[in-house]
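Please open the structure in your viewer and keep the selection tool at hand.

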Amino acid sequence: KYNTTYYNYEIRRRATPILRRIYKEGVLLTLEISEPSICKYSDRNFNYETEGTLMTSSDDKIKHQALLQNVFYIKCKNVNNNNINQEPFIIYP
């Protein structure tokens, strides 16, 4: 007779990245996203595929930074499934 143990795991992954935290670090705007992502920003709404400036990201692609400006429109693409938040995060630092 064998001893069998069963485990239940719940894997929570969001299809589209969501904003978890935002703050200033000196002259940088820093944001943390829910999923590993590649983020771009602009001073207006933009098309992620053809416009926007790439944000600097941490190795795990959760933390992203850009030099402060008056307003940020930010879109992020989930690296696991390529989904992009269609409505930008609009931030007024």
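The tour begins with the whole chain and then turns to individual residues.

**Before starting**

This is a predicted model, in which local features need pLDDT of at least 70 and side-chain atom pairs count only at pLDDT 80 or more, while totals for chains, interfaces and linings use all residues. Residues are numbered from 1 along each chain as its sequence is written, and side-chain values use heavy atoms, with hydrogens and water left out.

**Stop 1: the whole chain**

Display the protein as a cartoon. The protein has eight strands and zero helices; helices (H or I, at least four residues) and strands (E, at least two) are DSSP runs, numbered from the N terminus. Read along the sequence, the pattern is β-β-β-β-β-β-β-β.

Next, turn the model to view its outline. Taken along the principal axes, the C-alpha atoms fill a box of roughly 70 × 30 × 20 Å. The radius of gyration of the protein is 17 Å, whereas a compact globule of 93 residues would have one near 12 Å. This radius is taken over C-alpha atoms, and the globule rule is 2.2 Å times the number of residues to the power 0.38.

Now display the surface. The accessible surface comes to about 6700 Å², and 45% of it belongs to carbon and sulfur atoms. Such areas come from the Shrake-Rupley method with a 1.4 Å probe; for residues, only the protein chains shown count as cover. Of the 93 residues, 34% are buried. Buried means under 20% relative accessible area, exposed over 50%, and partly exposed in between (1.4 Å probe, protein chains only).

**Stop 2: the disulfide**

Select Cys 39 and Cys 76 and show their side chains. A disulfide (a pair of cysteine sulfur atoms within 2.5 Å) joins Cys 39 to Cys 76, with an S to S distance of 2.0 Å. The count by this rule is one disulfide. The link of Cys 39 and Cys 76 is right-handed, with 110 degrees about the S-S bond. Cys 39 lies in strand E3 (residues 37–42) and Cys 76 in strand E7 (residues 72–78), so the pair ties together parts that are 37 residues apart in sequence.

Are these two cysteines buried or exposed? Cys 39 is buried, at a relative accessible area of 1%, and Cys 76 is buried as well, at 0%.

**Stop 3: the salt bridges**

Side chains of opposite charge can pair when their charged atoms come close. A salt bridge is a side-chain nitrogen of Lys or Arg within 4 Å of a carboxyl oxygen of Asp or Glu, and the count by this rule is three.

Select Arg 21 and Glu 32. Their side chains meet in a salt bridge, at 3.4 Å from N to O. Arg 21 lies in strand E1 and Glu 32 in strand E2, so this pair ties together parts that are 11 residues apart in sequence. Arg 21 is partly exposed, at 44%.

Move on to Lys 63 and Glu 25. In this salt bridge the closest N and O atoms are 3.7 Å apart. The pair links distant parts of the chain, with Lys 63 in strand E6 (residues 63–67) and Glu 25 in strand E1, 38 residues apart. Lys 63 is partly exposed at 29%, and Glu 25 is partly exposed at 33%.

Then select Glu 51 and Arg 44. The closest N and O atoms of this salt bridge are 3.2 Å apart. Glu 51 is partly exposed at 28%, and Arg 44 is partly exposed at 43%.

**Stop 4: Val 27**

Select Val 27, in the loop between E1 and strand E2 (28–33). Which residues does Val 27 touch, not counting residues up to four places away in sequence? Val 27 touches Ala 66, Leu 67 and Leu 68, where contact means heavy atoms within 4.5 Å.

Val 27 and Asn 82 are 30 Å apart from C-alpha to C-alpha, and 55 residues apart in sequence.

**Stop 5: Asn 8**

Finally, select Asn 8, in the segment before strand E1 (19–25). Asn 8 counts as exposed, at 80% relative accessibility. The C-alpha atoms of Asn 8 and Cys 76 are separated by 31 Å, and these residues are 68 apart along the chain.
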